[in-house]
Amino acid sequence: MAEAKTAIVTGGSRGIGREVALRLAALGYDIAIVYVGDENEAADTIRACEEKGVKARAYVCDVSSFEETKDAVARIRKDFEGNIEVLVNNAGITRDGLIAFMKEQDWDSVLGVNLKGAFNMIRHTAALFIRNKCGRIVNISSVSGLMGNAGQANYSASKAGIVGLTKSTARELAPKGITCNAVAPGFIRTDMTKNITEDNSELLRTIPLGRMGDVSDVAAAVIFLITSPYITGEVIRVDGGIAM
Ligand code: NAD
């Protein structure tokens, strides 16, 4: 039997992360989900991964915490016998507001989860990837990080930061055969965007393909990057053409 490979998906309990986890499970990866919040959602995702015949576990861990992520990665290495091959940094939050009124706390928490969270996870897995001379890292950015978006200075900054983090990590780890790429979604139908409806014709006008995206649209790009050994430092937009 081929040796089991493990994938870590942060924010894998629901939304885009859940779909990525399910697709990786279908490819035969054992799945470690890192999340906060609703444990029923996480349990449901774990069950759905297990139904695909792989081992799957969920870890409650705030990715913005250096210590919590260090501990979670150590537990994952122990539970899955050290064999981590894929890291998808997908956990993310929004705390929207105009820059003139934005609370310091809203700036700090969005940068903490979205940007430092990805750093923390890469920081605690990189040595393992380097030792194994293999690894695939995919970070979830956003078109908001590429174009900016009024009312999202904190979120845009965190997602633009992800692009820089991705390219520097890609350059550093390329000599070891490890790739690091990013996916920048546009408007994708998940809990994060539940207040946006497609009846909003103003919004639809900004999307050349004329519809919001589905989690499967984003997951397909993530899987493409994970299965592409000669692509690194790339940012793929999955946005219906918004930022072209
Ligand atoms: P979602 O709100 O449905 O899910 C977010 C996930 O992140 C959950 O699993 C949650 O547990 C996890 N999470 C939140 N804070 C965390 C923390 N501190 N520590 C660990 N886990 C945490 O969101 P989604 O729409 O599926 O978004 C997933 C990613 O895609 C995010 O990074 C988001 O910024 C990005 N994105 C989403 C859209 C969109 O339109 N939905 C567009 C562009 C980018």
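1. The model contains 10 salt bridges, a salt bridge being a side-chain nitrogen of Lys or Arg within 4 Å of a carboxyl oxygen of Asp or Glu. Helices are DSSP runs (H or I, at least four residues), numbered from the N terminus.

2. This is a predicted model, in which local features need pLDDT of at least 70 and side-chain atom pairs count only at pLDDT 80 or more, while totals for chains, interfaces and linings use all residues. Residues are numbered from 1 along each chain as its sequence is written, and side-chain values use heavy atoms, with hydrogens and water left out.

3. Around the ligand there are 29 residues, of which Ser-13, Val-36, Tyr-155, Ile-188 and Thr-190 come nearest; a residue is counted if one of its heavy atoms lies within 4 Å of the ligand.

4. Ser-13 places a polar side-chain atom 2.7 Å from a ligand oxygen atom, and a polar backbone atom of Val-36 is 2.7 Å from an oxygen atom of the ligand. For Lys-159, a polar side-chain atom lies 2.8 Å from a ligand oxygen atom. Helix H1 (15–26) and helix H6 (153–173) are the elements that give two or more residues to the shell around the ligand.

Conventions: A polar contact is a pair of N or O atoms within 3.5 Å; within protein, one must be able to donate a hydrogen and the other to accept it, and residues adjacent in sequence count only if both atoms are side-chain atoms.
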